[in-house]
Structure formats: structure tokens, C-alpha cells
Amino acid sequence: MAMATHLLRNASTYWLLRNCRRSRPLTLARCLHLTPCLEKKVAFNLSDIGEGIREVTVKEWYVKVGDTVEQFDNLCEVQSDKASVTITSRYDGKITKIYHSIDELALVGKPLLEFEVEDADDDEDGSSSSSSDSSDMEPAQPNAGVQAGAGRHITPATPAVRRLAKEHKVNLFEVPPTGKNGRVLKGDVLEYLGQVPPGTNVPHPSNLIRQAAAAAPPAAAAPDVAAPADRVEPLKGVRKAMLKSMTESLKIPHFAYSDEIDMSNLVKFRAQLQSAAQEQGVPKLTFMPFCIKAASIGLAKYPIVNSSLDLVSESIIYKGVHNISVAIDTPQGLVVPNIKNCQAKGIIQIAKDLNALVERGRTGSLTPADFADGTFSLSNIGVVGGTYTHPCIMAPQVAIGAMGRTKAVPRFNDKDEVIKAHIMSVSWSADHRVIDGVTMASFSNVWKQHLEQPALFLLR
């Protein structure tokens with residue numbers, strides 16, 4: 001009697017007496033062998049989600065501190081550089097700590113949050129369908145549940161399925177699972193019971209699969225088609241030359257600079273010159289001769305842009321002539337011949353020389369002399385589309401420009417009125433061993449000034 005009085009005064013034993021199952025006779029001897037359910041905290045680490053991913057960004061939390069969750073409940077959504085993944089709980093318990101805020105990085109293997117879970121040697125209740133005590137009942141047909149400890153099994157199932165099993169007093173460990181990773185589905189429980197509750201109309205998933213397979217027509221045999229074989233083609237002609245020139249280009253530290261040019265005045269100026277150009281043998285006057293002449297004017301003011309670098313003597317060679325290379329699309333590929341002595345030619349003569357190069361390129365009659373001694377390059381990517389690019393310098397030159405497509409866009413004039421403007425983008429690349437950013441920008445401004453105010457060409 002003294003021992004019983006002592007036990008009743010003990011807080012833990014008193015708690016046990018109040019919470020032990022009423023369905024079993026409670027004796028003093030039995031109370032002496034009960035272990036109280038203690039609360040312990042466990043860290044929930046971010047597992048490896050595959051694809052070599054080592055870190056993810058937390059995009060959304062579905063829970064907060066203080067929430068009670070069950071196994072397989074959604075906890076959060078994380079985003080890697082490849083996919084979005086929903087993280088689910090592997091514990092039943094209460095959340096006591098969240099380690100990361102929205103948009104913070106979480107590392108694989110490090111804690112995402114912290115749980116408070118029950119730690120007990122013997123689960124006497126057995127009301128949770130996610131776990132069952134093998135000492136109280138012998139499973140008739142073990143499923144793919146995960147063994148969490150001696151005599152304790154965890155059966156994957158959603159809260160709705162566990163509730164259904166509890167209502168019918170079914171031990172989920174005895175139910176053969178058909179879901180992914182051994183998950184017990186609602187149909188599994190109903191099939192185990194041998195009944196379908198009125199109005200639920202939940203066919204078993206395995207039956208659906210069998211019915212679909214029976215109803216499907218026989219698949220036609222796939223034709224025996226051989227996979228296309230790889231083809232090896234040696235580099236030759238233009239592609240072989242491109243391999244050599246671009247390999248040399250990779251040795252140059254490129255500096256990039258871009259700008260926009262308002263071509264509205266030049267559009268009108270060119271239209272006024274079309275008839276005069278036709279009379280002088282130029283069927284169609286394009287923007288390219290103006291761009292070439294404007295570049296020659298800029299090269300005269302900033303001659304270092306028209307130079308080359310002698311690495312052996314560590315010196316700069318300033319070129320006296322402006323042989324401006326122009327990219328031309330031909331049936332053999334992209335070629336870059338040059339127009340000689342642009343500093344001494346007018347726009348009409350440059351247009352004639354350009355048309356002659358284009359014609360020889362189309363007929364495949366360009367000669368080595370057409371490619372020799374280029375000092376500066378221009379490329380018009382706007383012919384095929386596009387705006388900005390990053391052109392590659394053709395050694396031993398030290399600069400190149402690429403013009404994008406001219407397009408009509410709204411702009412504000414000096415009176416803050418919206419007007420239609422024809423805007424062209426340009427992208428420059430310069431050898432940063434020779435040309436600094438200020439020099440390249442200043443050259444670009446001279447070039448831009450002449451295209452935006454074409455009357456300045458009359459002074460040359």
C-alpha cells in the first residue's frame with residue numbers, strides 16, 4: 001500500500017494512470033512496467049533529390065512553427081536550377097523550428113526544419129494507421145512498410161486512407177499495397193474489407209489497370225528502322241579558313257561596346273539619292289556604303305582603331321589606308337573581303353565596289369587579293385535579323401562593328417512629342433590590349449554623328 005501511495009504521488013505515474021487505455025485492466029504491476037511517452041526533437045534534413053543538385057531555393061512553405069503534421073504531408077516547395085520539388089514529412093509531430101525563409105538557399109544534407117516527436121518504447125494506443133505494434137497483433141500479409149525500430153513499422157498512406165482504416169479498425173500493415181513505394185491506397189483498404197461503401201464508387205487501381213489493358217487494342221509492331229549513322233566530313237574551304245581565323249580570334253581580349261543610332265534622317269537622305277545613284281550605275285543604294293564611309297571618317301580621327309599589334313616587337317602598326325572588310329553571305333558560306341582605300345572614295349564609289357564584291361561572292365569568283373590587307377571590319381547582321389551581338393575580331397585587326405536590324409519604334413522629340421523613329425543598334429568589339437573603352441566610344445560617336453546627320457558627308 002505504501003508503494004502504491006508513493007507511485008500516485010509521482011507525477012509521471014499519475015499521468016500514465018490518467019492516459020493508459022481504458023480497454024485493458026489496469027494493475028499496479030502493469031503500471032510499473034509502462035514507459036512514459038517522452039517528447040524529443042529531431043532535425044529534418046534536406047535529402048538528396050538527384051541530378052547532382054547540392055542546393056535549392058525555398059519557394060513556399062506549407063507549414064509554420066507550431067503546426068502538427070503527419071507523415072507524407074506537404075512541408076514546402078523548393079526550386080533547383082532544373083526543377084521544382086515538393087518536400088513531404090517523414091514524421092508525425094509538431095514543427096518547432098523552420099531554418100530557412102522564402103527565397104533562401106537550402107543545402108542538401110542540412111536541416112530544413114525541426115520536429116517534436118513522441119519517443120516511446122511501446123506504442124500501446126495503436127490508433128495511428130501509420131504505425132502498428134507487432135507485439136499486439138500478427139500481420140496476416142506484410143506489406144512494403146518501412147521498419148522504423150524494433151517491433152515498429154511505418155506504412156505509407158495519406159491521412160484520408162488512415163482515417164478510413166481507423167473507422168473500420170483495420171491495421172494498415174496487413175493491407176497489401178499497390179501504390180508507389182509501397183503506399184496503401186483507398187482502393188487497397190476497400191478491397192481488403194471486401195466491400196465498397198455506398199456512394200463512394202472507388203474502383204481499385206489494379207482493376208482499372210487490368211480493365212484498361214483488356215480494352216486497349218493490340219499495339220502494332222514497331223517497324224524495324226535503323227538509326228541514322230553519324231557522318232564525318234573534313235573541314236575545307238570557307239569552314240577551314242574560319243577555324244583558323246576564329247582560333248586566332250580567341251587569343252584576343254575582346255572589349256564590347258554598344259549603342260543605338262537614329263537612322264530617320266538617313267532614311268530620307270538615301271531616298272533623295274536613289275535616282276542619282278541609279279544614273280551613276282548603282283541600282284539600289286543601301287545603308288551599308290554610308291556605314292563604311294562613316295567608319296572611314298572615324299578611323300581618320302582615331303587611327304589606333306585602324307592599327308595592328310606586333311607582339312614580337314611589342315609595338316603598334318598604324319595603317320595608312322582604310323581597307324574595310326565587309327561580311328558577305330555566299331553559297332560557300334560567310335566570307336569577309338575588303339573594299340580598298342575607303343579613305344579616298346565617295347559613297348557612290350564605295351557602293352559600286354561593294355556590289356562588285358557581292359556579285360563575285362555569289363559566283364564564287366573572289367580572289368585572294370579581295371581578302372588581303374584588311375584593316376577594319378563591319379558586319380551587317382540586320383540583313384538576317386537580330387539587334388545586338390558580340391562580333392569576333394579578325395586578327396591582326398583590332399576592331400570590328402556589327403549593325404543590327406533597323407526598325408521603326410516610338411521616340412520622344414525635342415518637344416516631348418511621340419514620333420516615329422528608325423533605330424539601328426550597333427555592337428563594337430575592340431582589342432583591349434590596344435584600344436581602351438573611351439577611344440572605342442569616341443570612335444562610335446563620330447560614326448553615329450554622321451549617320452544621324454548625313455549632310456555631314458557633303459563636307460568630305
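The crossing of helices H9 and H12 is right-handed. That is the first stop in this predicted model.

**Stop 1: the helix pair.** Select residues 288-301 for H9 and residues 437-452 for H12. Their axes come within 8 Å and cross at roughly 140 degrees. Angles over 145 degrees would count as roughly antiparallel, so H9 and H12 are oblique to each other.

Now show the side chains at the contact. On the H9 side, pick Phe290, Cys291, Ala294, Ala295, Ile297, Gly298, Leu299 and Lys301. They meet Phe443, Val446, Trp447, His450 and Leu451 in H12. Of the residues in this contact, 10 are nonpolar, two polar and one charged.

Stop 2: Move to strand S21, residues 407-412, and strand S22, residues 418-431. The two strands run antiparallel, joined by six bridges. Then go to the turn. Five residues lie between S21 and S22 in this hairpin. Click on Asp416 there: its phi is positive, about 60 degrees.

**Stop 3: a salt bridge.** The structure holds 10 salt bridges. Select Arg162 and Glu70 for one of them. Their side chains meet at 3.3 Å, N to O. Which parts of the chain does this pair tie together? Arg162 lies in helix H4, residues 159-167, while Glu70 sits in the loop between strand S3 (68-69) and strand S4 (74-79), so the pair links parts that are 92 residues apart in sequence.

Technical notes. Residues numbered from 1 in each chain as written. Predicted model: local features only at pLDDT ≥ 70, side-chain atom pairs only at ≥ 80, totals over all residues. Heavy atoms only, no water. Axes fitted to C-alpha atoms, helices over the stretch in contact; angles between N-to-C directions. Helix = DSSP H or I, 4+ residues; strand = E, 2+ residues; numbered from the N terminus. Parallel < 35°, antiparallel > 145°, perpendicular 65-115°, else oblique. Left-handed = near helix turned anticlockwise from the far one by under 90°. Contact = heavy atoms within 4.5 Å. Nonpolar A, V, L, I, M, F, W, Y, C, P; charged D, E, K, R; others polar. Pairing = 2+ DSSP bridges. Salt bridge = Lys/Arg side-chain N within 4 Å of Asp/Glu carboxyl O.
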